Every structure is written in C-alpha cells, then in structure tokens.
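User: Please take me through the sheets, the helices packed on them and the nonpolar core of this model, with the criteria behind each term.

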2 protein chains.
Amino acid sequence: MPLLVPRWPAWLFWWRAACTRRAFVQQRMWAGATRISGLGGPAGALGTSPLVRRGSSSASSSAPGVRLTRDRYPMQRLPFSVVSEDDLAALERIIPGRVITDPEELEAPNVDWLRTVRGSSKVLLRPRTSQEVAQILRYCHERNLAVNPQGGNTGLVGGSTPVFDEIVLSTALMSQVLSFHDVSGVLVCQAGCVLEELSRYVEERGFVMPLDLGAKGSCHIGGNVATNAGGLRFLRYGSLRGTVLGLEVVLADGTLLNCLTSLRKDNTGYDLKQLFIGSEGTLGVITAVSILCPPKPSAVNVAFLGCPGFAEVLQTFSTGRRLLGEILSAFEFMDAECLQLVGRHLHLTNPVQESPFYVLIETSGSGADHDAEKLSSFLEQVQGSGLVTDGTLATDQRRIQALWALRERISEALSHDGYVYKYDLSLPLDRLYDLVDDLRARLGPSAKHVVGYGHLGDGNLHLNVTAEAFCESLLGALEPYVYEWTAGSGAASVPSTAWASRRGMSSATASPPRPCGSCSSSRPSWTPKAS
Amino acid sequence: MPLLVPRWPAWLFWWRAACTRRAFVQQRMWAGATRISGLGGPAGALGTSPLVRRGSSSASSSAPGVRLTRDRYPMQRLPFSVVSEDDLAALERIIPGRVITDPEELEAPNVDWLRTVRGSSKVLLRPRTSQEVAQILRYCHERNLAVNPQGGNTGLVGGSTPVFDEIVLSTALMSQVLSFHDVSGVLVCQAGCVLEELSRYVEERGFVMPLDLGAKGSCHIGGNVATNAGGLRFLRYGSLRGTVLGLEVVLADGTLLNCLTSLRKDNTGYDLKQLFIGSEGTLGVITAVSILCPPKPSAVNVAFLGCPGFAEVLQTFSTGRRLLGEILSAFEFMDAECLQLVGRHLHLTNPVQESPFYVLIETSGSGADHDAEKLSSFLEQVQGSGLVTDGTLATDQRRIQALWALRERISEALSHDGYVYKYDLSLPLDRLYDLVDDLRARLGPSAKHVVGYGHLGDGNLHLNVTAEAFCESLLGALEPYVYEWTAGSGAASVPSTAWASRRGMSSATASPPRPCGSCSSSRPSWTPKAS
C-alpha cells in the first residue's frame with residue numbers, strides 16, 4: 001500500500017494550473033448552429049476587439065513590477081535543502097538536457113498569470129514520462145528539496161508558482177494522447193496535454209471534452225483535475241469526479257500509483273483517485289488522466305437576456321431547466337456593472353436594453369429543429385411572464401462567440417479596471433447574490449467596483465472587487481469577512497485570492513496578511529461574523 | 001482530524017444493502033409517455049404474471065434450508081467480545097425499546113435475500129438518529145463488539161448479513177427527509193430512506209432520483225451510496241460520485257464526520273465523502289445523504305429490439321448514442337437464453353422474433369414529439385442497416401412496464417432455474433460478451449445455463465450461471481477463473497458472489513472455498529490464467 005500523504009514538510013506541492021477564469025473568448029468548437037427567429041436586439045452590435053487568448057508565456061515572459069512573494073507577504077521559508085551543483089548533475093542524469101537553469105527561461109514559471117505573485121526558483125524540470133517524474137520526486141524527497149508542480153500556469157490564485165526557490169516540475173512535455181476509444185469515448189492522456197488540443201482531438205472523432213474553460217488554450221488537463229475545475233460545461237456534464245475514470249499519480253516519495261482504469265464503472269476497492277481530484281497537488285503529482293468524453297452535440301444555440309432582478313434570474317433558471325430540459329448546457333449570469341466594464345474597457349456593446357442583470361443561456365443537442373422549438377417556447381414563456389425584459393438569440397458560430405465574449409471577457413475587463421480582489425465561491429442559489437449587495441454597502445467608496453457573475457448551474461459566484469491599486473486595508477475589510485459570510489450562509493466553499501489559497505495549502509509557511517497601515521483609503525470596520 | 005480507517009480487527013463492517021439485481025418490475029413513475037408509430041411485434045403479447053416486489057421481510061421471515069455461513073464456509077470468527085447482559089442494558093439506555101433480541105425478529109436480518117448465507121446475530125439495534133448511531137458505535141468500539149450495519153438487506157452478494165454473531169445495526173428507522181430544495185433539486189435525507197419512497201417524494205415535486213434499480217422498493221439510500229450502486233439511470237445521470245453532494249458518516253469509533261454539504265460544487269479541502277461511496281461500510285456507517293435530483297423528464301419511450309449478434313448490439317449502441325443523443329436514458333442488452341428463461345419460468349412472452357440478442361432502449365426527454373421523431377429516425381437507421389432484425393416500441397406506461405419486465409425479471413427467472421452463481425463485472429465494451437461464450441465452452445454440461453445481460457451504457461455485464469444445486473466443483477471451475485479473466489481483459493472490476501464479496505471485504509476471516517469432492521457433476525479442469 002503506497003503512502004498517500006507526503007511526509008510534510010518534506011514536500012510543498014502547489015499546482016493550480018487550471019483556473020476558473022474565463023477572461024478570453026474561447027473558440028467554441030461545436031459545429032452546426034442553426035438560425036431561428038428569436039427576440040430582438042441589435043444584431044452585429046457586439047464589440048469587434050480581437051479575440052485574445054491566454055498563453056502561458058505571454059503573461060509572464062518578463063516580470064517587471066511584480067514583487068517577490070517573499071517580500072510582499074510575511075512568509076517564512078521552511079527548512080528545505082537548497083539545490084546544489086550535485087543535485088543539478090543528478091537531475092540531469094534523470095532527464096538529460098531538460099534541466100533548465102537559464103534565468104531568462106525561469107522568468108515565466110516564476111510569475112503567475114495575473115502578475116500578483118513571484119517566486120525565485122532557479123531550476124525548471126521538464127520530464128516527459130511518469131517514470132521520470134517518479135525518479136525526480138524520489139531524488140528530491142531523499143534530498144529534502146521542495147518541488148512546485150506546474151501545468152499551464154494559468155491559475156488566478158497564485159497556486160501554480162513557487163513562493164521561494166522550489167524546483168518547478170513542469171508537465172509541459174507530457175503531452176501525449178495515450179489512447180482513445182471511439183465507441184465509449186474514453187480518452188487516456190498524459191497530464192500535460194493542453195485542454196484545447198484535447199478538445200480538438202476528440203471533436204475530430206465526434207466527441208467533446210466534458211469540461212471547457214476560458215484558459216483552455218494553455219491550461220493542462222492534469223492541472224484541471226488537480227484543481228477540480230468546473231467551467232462552462234459543468235451544468236451539462238457534471239463534475240470531474242464523475243467524468244474522470246482514472247488517474248496515474250506519483251506520490252511525494254516517488255511511488256507511482258496506477259489508478260488509470262478506463263472503465264466507466266469500477267467498484268473494486270476504494271476509489272483512491274478521488275483523493276487527488278481537487279487536492280491541488282498536495283497529495284501527489286497527476287501524470288496521466290483517463291476521462292469520459294460525451295458525444296458531440298450537433299446543434300448549439302445561445303440566448304442573451306436582460307432580467308429586472310436577481311429573483312427573476314433565478315426564476316428564469318427554473319423555467320429553463322423545466323422547458324429546455326436535457327438540452328440546457330450553460331446558464332451564466334452577470335450583473336449590470338460587469339457589462340458596463342466590458343463596454344468601457346473592451347468596447348464590447350451590450351446587445352440588449354440595459355438591465356440590472358443579464359443571463360447567457362446555451363443549449364446543445366442532437367436535433368437543431370427540436371432545440372430551436374424548445375428554445376422558442378422557453379423564450380415566449382419568460383418574456384410573457386416578465387422574467388425577461390429584452391433578449392437576443394444567436395445560432396451561427398460568429399454570433400455565438402460574440403455573445404459568449406460578453407461573459408467570458410468580464411475577467412479581462414476587470415483587470416483593466418485596476419487591482420482585482422477575486423473570490424470564487426459556491427453558495428446556495430437563493431443567497432448567491434446577497435454577498436455582492438452586502439459588500440457594496442460595506443466597502444463604500446474604498447472599492448472602485450464590486451461585481452458578481454458566474455455559473456448558476458453549479459451555484460458558483462465570481463465575486464470581484466476592483467481598486468486603483470493593491471491596498472491592505474481593503475484586503476482587511478474583505479478577508480476573512482467574505483469567508484465568514486460564505487461559511488455562515490448555510491453552506492460554504494472557498495477558492496479565492498492568492499492569499500487564501502496559499503494559506504489553505506501550506507498553513508505552515510503562510511500567515512494571513514495584516515493591515516499595513518500605509519493605505520490612506522477609508523477603512524471599514526471589521527465585523528468578525530456576518531449576520 | 002477524525003480517524004478514517006477503523007482499527008481492524010476491532011470492527012467488521014459489512015453493508016451491502018443495495019444491489020445490482022433487477023429481479024422485479026419497478027414501477028416506472030415518469031408520466032406522459034406518448035405513442036408513435038414504430039416497428040412491429042405482437043402488441044400486448046407480453047406476460048401477465050403479477051408484478052412482484054422485493055420486500056425486506058418477505059424473503060427472510062423464516063430461513064429453513066439456509067445453512068449457517070460459518071458451517072458452509074471454512075471461516076474463523078475473529079476475537080471480538082460476545083454481547084453480555086450488561087451490554088444489552090447499556091445499549092437499551094442509548095435506544096430505549098429499540099434493542100431487539102427476539103429470535104423470531106432476528107431471522108430476517110440474519111439471512112440474505114437470495115437465501116444463500118445466514119448469520120447468527122442475537123441483537124438487532126434500530127437507532128433513529130446519527131447521534132444514536134455514534135453512541136452505539138462508540139460503545140461497541142470500547143467493548144470490542146463486532147457490528148454489521150444493514151440497510152434494506154436486498155444485497156445479492158451476502159454483504160448485508162452477519163457472518164457470525166455481529167450486532168446488526170439497522171438504518172430502518174432513519175427514514176426522514178431532512179430537506180428538499182425545489183430550485184436546485186437537492187435532497188437531504190437520512191440513510192434509511194427507501195429509494196422508492198424518495199423517488200415518489202421528489203417526483204411529486206418535479207424531479208427524479210438520479211438512480212433507480214430493481215430493489216428500489218426495499219433498498220435504503222445509505223446502502224445505495226455505501227455500495228456505489230449504478231443501476232438503470234447510470235447512462236443518463238452518471239455515477240453517485242457525481243450526484244451525491246454530501247454525506248454524514250459515523251466512523252468506527254463513534255466519531256461523527258459531517259460532510260453533508262448541499263452545494264453542487266465544493267472544492268474546499270479534500271473531498272472525504274468520496275472515500276465512503278462504494279466502501280461497503282468498511283470505513284464507517286453512512287447516516288445521512290445529500291443528493292442532486294435532476295428534473296423529471298416529461299416524455300418516456302421504450303424500444304425492445306432483436307439483434308443478430310453482439311457486434312450488432314455494440315453498433316446499435318453507437319448509433320443510439322449518436323442519433324438519440326441527450327435523450328438516451330437506458331441501453332440494456334440480454335442474450336437469447338435470458339429471454340427463454342423469462343418465458344419458461346415467468347411466462348412472459350417475447351414480443352419480437354427470436355434473436356441471438358435483444359436490446360432495450362429507453363429515451364426520456366422534455367418534448368414528446370421531438371423524442372418520438374428522434375427515436376423514429378434511429379429505428380429506421382438500425383433496421384435499414386441490418387443491425388436490428390425486429391423490434392417493438394412502447395410509449396404508454398403499461399407497455400413500457402411490460403417491456404422493462406423482460407429485462408428486470410431476468411434475475412427472478414434465473415432464481416427459478418436452480419442455484420445461481422452471480423457475477424457483476426465491468427468490462428471494456430468490445431470484450432463484454434466474450435466471457436459468456438468462453439464460460440459456456442469451459443463449463444459444458446456442468447452448468448444448466450450460462451447467461452449474460454446488463455447495462456451497455458456503463459460496460460456492466462451480469463454474468464449468471466445456473467445449476468440444479470450449489471456445487472463446490474462448479475464454483476471451483478468459476479473462481480478465480482472469472483476474476484482472472486476479467487483482470488486479464490485489459491481492465492478489471494469485481495463484485496460477484498457472496499464468497500468473492502466476503503473475501504474482498506474481510507480477507508482475515510474468509511478464505512476461498514475449496515472443491516469438496518462430493519459433487520458428481522463433471523468437473524472442468526482448472527486453468528490458472530485465461531488466455
């Protein structure tokens with residue numbers, strides 16, 4: 001029986017390669033969207049700014065202005081060894097020519113995509129096989145060297161970059177598809193496969209990946225699984241806990257754990273792989289993934305609607321679930337401020353009348369006419385009952401992408417607005433938006449904007465607060481208030497800022513930031529427990 | 001941090017309340033099936049035998065003829081304490097009036113539904129709350145008393161009954177619905193709720209339970225989760241690993257572990273509840289479940305088709321996935337012998353021409369006309385290409401039930417055929433039926449029938465071998481051959497006979513049965529490893 005828990009503190013696993021961000025327009029790969037008559041709205045009035053994609057190197061090829069994490073936060077390095085010349089030689093023997101020490105090449109893996117945190121790693125390792133990963137980890141374990149596994153480094157919470165001088169273990173060269181079964185749709189691949197490339201691969205064979213997210217152009221499937229990424233297809237295909245059939249994992253001491261079954265149902269023994277899904281690399285490094293791909297839908301439609309209030313958003317959701325049933329594949333919402341920011345910073349035009357809330361609804365099914373009829377009857381109902389005041393419908397690929405851009409580029413627009421405090425929370429549906437209203441009142445003018453958007457299908461609120469610059473007193477007003485509010489709201493969840501994430505993953509090294517007293521903005525009083 | 005693994009051998013947890021059997025017609029609760037023109041077949045020619053339901057008490061109210069497990073198999077009782085008068089008094093203080101010692105009342109929980117195994121427990125406990133379960137386990141842990149948790153006792157692998165004199169801890173009185181959210185469809189209930197009652201409860205509110213199985217009238221949701229039951233809706237709604245949102249569990253030492261979140265997405269910390277799904281009660285007793293219920297489909301159709309070979313069954317499945325897409329909700333197959341046995345023992349009539357294989361396809365969706373059109377186009381395609389030689393279609397409730405009976409009552413028909421060796425295997429789709437052919441050749445006349453049926457959607461083969469009576473030499477020819485064949489077929493899975501199950505769950509007490517030499521039937525030679 002292999003060890004499941006690495007011998008803390010001999011290891012430091014931070015792997016946050018996947019993320020919840022949908023900052024950029026993802027190329028929607030499904031074919032065959034058809035046009036049906038729908039609600040009004042100025043067709044073609046959407047923005048024309050070029051579609052930007054997140055690349056692992058583009059954001060972090062150089063890092064001027066990004067302070068070292070160890071300088072920014074009061075952190076203590078744990079007593080790990082420091083990489084020696086002997087270590088480099090030993091690692092070079094394991095992966096000849098793939099031990100990188102060039103400071104320029106190390107800039108990118110040391111900085112996160114949001115440019116919030118920066119490590120000072122001096123070694124980047126690029127294994128190609130699970131066996132190489134196992135040998136590397138065994139060696140580092142014996143030498144007490146800290147390791148930071150890294151996938152696409154697209155995470156928004158600073159979990160994929162080193163804090164100090166951890167060795168970066170990259171899955172970038174582990175990008176082989178190992179097998180695909182074209183009856184069952186089971187894909188087996190290495191952990192470093194880029195999600196978008198896998199999407200393309202299975203779509204050519206009549207299937208789709210069961211997950212999709214804004215960072216798909218860079219994020220690795222191993223990171224997606226390690227962070228239990230939800231994303232845009234969660235509503236339709238459910239969580240990775242159901243669609244990931246098997247994993248191969250290397251534990252901290254180099255033990256290779258093979259749970260790489262490709263059976264849809266496997267009740268033999270304990271389902272150990274579940275421990276690694278969402279464990280953020282703290283229990284081991286995922287090296288290969290077996291995942292069930294659903295058949296590709298032949299018809300996709302997208303509606304963008306304005307709602308007079310959040311209660312109406314919820315009722316529109318209920319109506320959609322009832323009338324669209326099995327073809328409902330996404331149900332996203334955003335508030336008015338989100339759309340204003342997308343307009344101001346990215347010049348995208350709101351295609352419907354201004355409303356307090358907007359929803360984006362996607363259907364995908366196997367019969368274009370059937371789907372169009374269902375959508376039509378749904379739209380009649382929500383319009384007739386006043387749940388929706390205005391809307392527009394897209395059935396062709398270009399318009400579908402343009403509507404998705406309004407939702408997917410909110411995060412990008414926010415980053416143009418200043419420093420962004422980001423929270424990714426799961427809340428009961430009926431209280432999903434209360435926290436946004438509450439924070440607006442609490443923070444007052446100390447925040448530029450407080451906005452809320454997210455996936456209604458899985459009760460996921462993206463709460464974002466912008467300010468001119470990072471300010472510890474604003475942070476102090478946000479945390480732990482946001483967490484306590486969430487925990488007190490009946491059911492809790494966390495993911496959040498770099499800080500909270502780091503705190504959760506290595507409580508030994510990180511302590512919560514304290515107000516520095518140097519910020520002049522009005523500082524709201526601290527309330528230990530939200531009502 | 002509570003202990004996750006009970007201090008073996010201080011505890012003996014066997015909980016196999018749920019099962020994979022579909023012996024009886026389950027009342028299909030979905031409304032609104034509509035009639036469409038379809039393939040031929042003698043309508044109304046299906047059997048008329050009364051629908052029998054499995055009741056936990058009916059099968060085991062007395063147990064003449066069922067040998068004690070300890071006499072039948074060479075097993076050694078572990079050094080647990082024996083229940084004393086003091087223990088009974090202490091337990092009575094925890095659950096006054098619910099400590100049962102009446103031998104007549106203890107007959108039922110001591111015998112499994114198949115009447116294969118029989119324990120000699122002298123105490124049955126009926127707690128009502130998780131706190132009572134915690135107190136009971138804490139007490140038994142301190143006193144080194146063995147405990148056998150029991151749900152509906154509907155299991156077919158002997159996992160839900162005591163082997164020796166373990167205390168039976170029944171969840172029968174833990175049958176309260178704790179909450180239901182009519183927007184999200186999240187149901188929270190105690191572990192002893194009967195699946196069918198939960199189905200009725202959520203269907204009245206416009207939802208369905210994400211799982212359904214033949215034993216629904218008796219099995220408990222806690223047992224379903226503890227055994228990670230798949231069942232008839234797996235193809236559509238996926239596994240319990242995705243639909244179970246939270247669990248409350250009492251560990252062996254009485255620690256209450258609350259993972260009873262009702263959030264659809266929750267990435268805070270490790271997902272500990274996953275450890276208990278499918279762990280068969282070996283890690284703790286599930287006391288409450290939070291589960292996501294999908295909206296109730298308004299249209300259901302069932303087609304029953306004959307196929308000329310297993311290759312055609314697989315191609316029909318691929319075609320169905322493509323053309324029926326999101327409305328395909330069940331895809332079951334059975335071989336010719338299955339249907340002959342159903343006809344011989346239960347007088348159900350085959351509604352289509354005799355064929356080597358049959359498939360039962362169910363669609364469920366939100367638009368009756370749309371579904372009918374999709375199904376019609378699918379049927380045209382499979383008939384036209386020769387994949388299907390004959391078929392019949394049901395759109396009304398009565399006919400739908402009658403067609404389902406052909407599939408669901410196979411297990412019942414088998415039990416009329418003699419002693420049944422049952423195996424429940426997960427296999428790669430292309431090799432799913434090979435083992436049946438292989439075993440027919442291997443066993444020759446020593447078996448009455450070797451049949452195969454199951455869920456194609458999740459690659460699940462129900463392999464059944466009948467004989468006039470239990471015979472150890474036949475068992476010796478089957479095991480470990482079947483397991484080794486399965487393991488050698490590229491990907492493995494087990495669940496199986498009472499023996500294999502017990503062996504898997506408590507290797508310390510059980511050892512594989514040896515040929516007794518008393519059976520006169522021709523005994524096939526033993527092959528250690530299948531080709």
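User: What is the strand order of the open sheet of seven strands in chain B?
Analyst: This is a predicted model, in which local features need pLDDT of at least 70 and side-chain atom pairs count only at pLDDT 80 or more, while totals for chains, interfaces and linings use all residues. Residues are numbered from 1 along each chain as its sequence is written, chains are lettered from A and ligands numbered from 1 in the order in which they are written, and side-chain values use heavy atoms, with hydrogens and water left out. Strands (E, at least two residues) and helices (H or I, at least four) are DSSP runs numbered from the N terminus, and two strands pair if DSSP finds at least two bridges between them. With antiparallel pairing, the order is β13-β10-β12-β11-β15-β16-β14.

User: Which strands are at the edges of this sheet?
Analyst: Neighbouring strands here are turned by 15 degrees against each other on average, direction ignored, where axes are lines fitted to C-alpha atoms, for helices over the stretch in contact, and angles run from 0 to 180 degrees between N-to-C directions. The strands that pair on one side only are β13 (390-394) and β14 (419-426) of chain B.

User: Which residue is the bridge partner of Ala330(B) in β12(B)?
Analyst: Strands β11 (residues 328-335) and β12 (residues 357-365) of chain B run antiparallel and are joined by seven bridges. Within β12(B), the partner of Ala330(B) is Glu362(B).

User: What angle does helix α12 of chain B make with β10(B)?
Analyst: Helix α12 (residues 368-384) packs on the sheet, touching β10, β12 and β13 of chain B, contact meaning heavy atoms within 4.5 Å. Its direction and that of β10(B) make an angle of about 10 degrees.

User: Why is one side of β5 and of β8 in chain A left without a neighbour in the sheet?
Analyst: The open sheet of five strands in chain A has the order β5-β6-β9-β7-β8, with antiparallel pairing. One side of β5 (177-180) and of β8 (256-259) is left without a neighbour because each stands at an edge with a single partner strand.

User: How many residues does the largest nonpolar core have?
Analyst: Such a core is a set of buried Ala, Val, Leu, Ile, Met, Phe, Trp, Tyr and Cys residues joined through side-chain atoms within 4.5 Å, where buried means under 20% relative accessible area (1.4 Å probe, protein chains only), exposed over 50% and partly exposed in between. Met209(B), among the residues with the most contacts inside the core, touches residues including Leu187(B), Ile221(B) and Ile291(B), not counting those up to four places away in sequence. The core's residue count is 68.
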